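Good morning, and thank you for coming. I ask that you keep the sequence and the three-dimensional view before you while I speak.

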Amino acid sequence: RPGWPGIIRAYAGRIAVPPGAEVVTLGEGNTPLLPAPHLSELTGATVYLKTEGVNPTGSFKDRGMTVAVTHAKAIGREAVICASTGNTSASAAAYAARAGLTCAVLVPTGKIALGKLAQAVAYGARILQIQGNFDDCLELARKTAAEYPIELVNSVNPVRLIGQRTVAWEICDVLGRAPDVHCLPVGNAGNITAAWQGYKGYSQDGVIDAPPRMFGFQAAGAAPIVRGEPVPNPETIATAIRVGSPASWAGAVAAREESRGLIDAVTDEEIIAAYRLLSTREGVFVEPASAASVAGLLKTAADGRLPRGATVVCTVTGHGLKDPDTALSGVAEVEPVPVDATAVAAALELT
Ligand code: F0G
């Protein structure tokens, strides 16, 4: 849509901000709902990709951050803080910069993708690399915000998840109905919680006849909800969802139960296979965590849990450029070629 005003103004009736608040927006939302012909053929379903990497900082976090930072500014805060596997910090740093607030980010040392770190640096955040994992960072951020005058903008801040409901509303607005199944990756579990609340709201208001079944996917090495207990040392190539003790655990379980959905685990091998398929066959370059939704789609289509002929939306949560190391891993050095058309043709094996 031309002139898109960002999600707070686009859904003004559904997102409350303090009276007189200055809306802090970078034009987030209104991301493409892209048909995925190759995935549709593979699964026998009608598959769409909600490409959240198109958001201003390259992930879905911007939907929540516009609301969280608008609130923080309206109540007079001068600083915000978050824990992050990288995307929340990139988003918080950008919206804080826009609002003229200071931003502090707590990230796990060595476990955040290069592009995300570059974003936090570029937007001028105070970056603290914590010698612990994401769960340690979140606990520290909560403690700091409880004791000092700094606003916590992680998804434990309830206004952030209200912004993240908008993904469900946009999908329904475009399709003219809800999908039958919505697949998405699960890390700290805020996103599945928010999307489900979004669908429920539209359903209760009669905007849609029925909400979808929610299919959430964790990485096998970081799958506390699937296992039913926290994972003390989570590990996965999908660093964005390397979370052992999700803050919105109960919300994710409610989404699964109330929607008659499921939460399952996908291996790193399945995630990487889906990651490569998305870029080489659909032309959609995402970061590894985002491919967990598609790995789960393929898994449930193969074992019969995905109804044939269903309309399915997969959220692909973050842009592929966030994690250049994974994109380049296993790629042999690119051979130099002289400035010569014959050499180019030979290199390309053209005849
Ligand atoms: N996909 C990406 C690209 C993410 O960055 C995240 C979460 C998720 C999926 C999972 O969403 O946590 O709501 O279940 N990233 C957080 C962060 C943890 O710090 O950026 P969730």
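I shall speak about confidence, then the domains, then the ligand shell, and then selected helices and residues.

This is a predicted model, in which local features need a pLDDT of at least 70 and side-chain atom pairs count only at pLDDT 80 or more, while totals for chains, interfaces and linings use all residues. Residues are numbered from 1 along each chain as its sequence is written.

Let us begin with confidence. The term pLDDT denotes the predictor's confidence in each residue, from 0 to 100. The protein chain has a mean pLDDT of 97, and 99% of its residues reach 70 or more. I shall refer to helices (DSSP runs of H or I, at least four residues) and strands (runs of E, at least two), numbered from the N terminus. Among the elements of the protein chain, strand β8, residues 213-219, has the highest mean pLDDT, 99. The lowest, 95, belongs to helix α14, residues 324-328. The ipTM of the model is 0.99 and its pTM is 0.97.

We turn to the domains, whose bounds come from an automatic or database domain assignment. Domain 1 comprises 7-59 + 160-328, and domain 2 comprises 61-158. Their C-alpha centres lie 21 Å apart. How many residues of domain 1 are in contact with domain 2? The number is 43, and they meet 39 residues of domain 2. Here, two residues are in contact if their C-beta atoms, placed from the backbone, lie within 7 Å. On the side of domain 1 that touches domain 2, at least two residues come from each of α1 (7-10), α7 (158-164), α8 (166-175) and α14. Helix α7 gives the most to that side, with 5 residues. By class, that side of domain 1 has 19 nonpolar, 16 polar and 8 charged residues. In this classification, Ala, Val, Leu, Ile, Met, Phe, Trp, Tyr, Cys and Pro count as nonpolar, Asp, Glu, Lys and Arg as charged, and the others, Gly among them, as polar.

Next comes the ligand. A residue is near a molecule if its C-beta atom, placed from the backbone, lies within 6 Å of it. Which residues come nearest to the ligand? Of the 23 residues around the ligand, they are Gly187, Asn188, Asn191, Thr317 and Gly318. Both domains take part, for the shell draws at least three residues from each of domain 1 and domain 2. Helices α4, α9 (190-204) and α13 (288-302) each supply at least two residues of the shell. By class, the shell has 7 nonpolar, 14 polar and 2 charged residues.

Let us look at α4, residues 87-99. The expected span is 1.5 Å times one less than the number of residues. Is α4 mostly covered or mostly open? It is mostly covered, as 11 of its 13 residues are buried. A residue is buried if 20 or more other C-beta atoms lie within 10 Å of its own, exposed if 12 or fewer, and partly exposed in between, with C-beta atoms placed from the backbone. The buried residues of α4 pack against α3 (61-74), β3 (79-83), β4 (102-108) and α5 (114-122). Just after α4, glycine 100 takes a positive phi of about 80 degrees.

Tyrosine 95 counts as buried because it has 31 C-beta neighbours inside 10 Å. Not counting residues up to four places away in sequence, tyrosine 95 touches Val24, Leu26, Met65, Thr66 and Val69. The C-alpha atoms of tyrosine 95 and threonine 66 are separated by 6.7 Å, although these residues are 29 apart along the chain.

Helix α13 has 15 residues and reaches 21 Å from its first C-alpha to its last, close to the 21 Å expected. Of these residues, 14 are buried.

Finally, consider two residues in the loop between α1 and β1 (33-35). Threonine 25 lies in this loop and is buried, with 24 other C-beta atoms within 10 Å. Asparagine 30 also has its place there. Although asparagine 30 is not a glycine, its phi is positive, about 60 degrees. Asparagine 30 is partly exposed because 18 other C-beta atoms lie within 10 Å.
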